[in-house]
Amino acid sequence: QVQLVESGGRLVQAGGSLRLSCAASGRTFTIYTMGWFHQAPGKEREIVATFRWGSGDTYYADSVKCRFTISRDNAKNTVYLQMNSLKPEDTAVYYCAARTYDSGSYLSTNPADYNYWGQGTQVTVSS
């Protein structure tokens with residue numbers, strides 16, 4: 001079992017920055033890939049960024065490239081999402097997810113590929 005707890009979401013003005021955290025506990029040695037997803041009201045859950053636990057390889061959605069950065073603190077088993085130049089369209093609930101099996105896409109962008117999820121943290125960007 002892996003437990004994921006997100007934090008850091010809040011109300012911020014457009015152009016501002018936030019850093020979201022995802023603290024992983026339990027059998028973290030079984031994690032292959034971590035991902036950040038977001039879901040706006042009435043929309044499907046979408047990929048934001050993914051991080052390969054062993055290699056550190058990353059993937060970013062086109063909408064967040066050059067604005068968001070995913071990273072990890074090994075000692076704390078925590079994955080971060082640094083969000084800069086925020087836009088109102090970034091408003092959503094942000095979820096951290098982990099995949100503990102290694103099949104299919106190396107840096108999966110499909111929510112169905114992830115088998116552990118956090119509870120989500122709300123990010124609201126005002127214009």
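## Arg52 and its partner

The model is predicted. Arg52 is buried, with a relative accessible area of 8%. The side chain of Arg52 meets that of Asp102 in a salt bridge, at 2.9 Å from N to O. Arg52 belongs to strand β5 (residues 46-52), while Asp102 sits in the loop between β9 (92-99) and β10 (116-117), so the contact ties together parts that are 50 residues apart in sequence.

Asp102 is partly exposed, its relative accessible area being 43%.

## Asp90 and Arg67

A salt bridge also links the side chains of Asp90 and Arg67, with an N to O distance of 2.8 Å. Asp90 is in the loop between β8 (78-83) and β9, and Arg67 is in the loop between β6 (58-60) and β7 (68-73); the pair therefore ties together parts that are 23 residues apart in sequence.

Both Asp90 and Arg67 are buried, which means that each has a relative accessible area under 20%.

## Lys65 and Asp62

Lys65 and Asp62 form a salt bridge in which the closest N and O atoms are 3.2 Å apart. Asp62 is exposed, with a relative accessible area of 64%. Lys65 is partly exposed, at 45%.

## Count

With a cut-off of 4 Å between a side-chain nitrogen of Lys or Arg and a carboxyl oxygen of Asp or Glu, the count comes to three salt bridges.

Note on methods. Residues numbered from 1 in each chain as written. Predicted model: local features only at pLDDT ≥ 70, side-chain atom pairs only at ≥ 80, totals over all residues. Heavy atoms only, no water. Helix = DSSP H or I, 4+ residues; strand = E, 2+ residues; numbered from the N terminus. Buried < 20%, exposed > 50% of the residue type's maximum accessible area, 1.4 Å probe, protein only.
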